[in-house]
Amino acid sequence: MLKCLDGNKLNTDPDNWVLVQIGIISRLSRRNYDDAPAELKQTIMAVAELEHQLHRTRGGS
């Protein structure tokens with residue numbers, strides 16, 4: 001899925017969009033990624049990616 005990095009879906013700048021696995025989207029939603037301060041978004045994304053990888057490593061989907 002494509003995720004807008006700044007939380008603004010109307011920002012069509014290609015640098016604002018990143019391809020993420022669908023399992024990461026729900027993790028971002030639980031952490032209110034779109035409403036988080038800009039200085040926390042990169043950290044929230046990294047934590048969501050790590051959690052997703054850990055879940056997959058342990059046999060989840």
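I first read along the sequence and found that the chain follows the pattern β-β-α-α, with two helices and two strands in the chain; here helices (H or I, at least four residues) and strands (E, at least two) are DSSP runs, numbered from the N terminus.

I noted that this is a predicted model, in which local features need pLDDT of at least 70 and side-chain atom pairs count only at pLDDT 80 or more, while totals for chains, interfaces and linings use all residues. Residues are numbered from 1 along each chain as its sequence is written, and side-chain values use heavy atoms, with hydrogens and water left out.

For the extent of the chain, I looked up the box filled by its C-alpha atoms, which is roughly 35 × 20 × 15 Å along the principal axes.

I then turned to burial and found that 26% of the 61 residues in the chain are buried (under 20% relative accessible area, with exposed over 50% and partly exposed in between; 1.4 Å probe, protein chains only). The chain exposes about 4,500 Å², of which carbon and sulfur atoms supply 55%, by the Shrake-Rupley method with a 1.4 Å probe.

Among contacts (heavy atoms within 4.5 Å) between residues at least 6 apart in sequence, I recorded that 38% join residues at least 24 apart.

Last, I looked up Ile 22, which lies in helix H1 (residues 22-30) and counts as exposed because its relative accessibility is 62%. The C-alpha atoms of Ile 22 and Met 1 are separated by 5.9 Å, although these residues are 21 residues apart along the chain.
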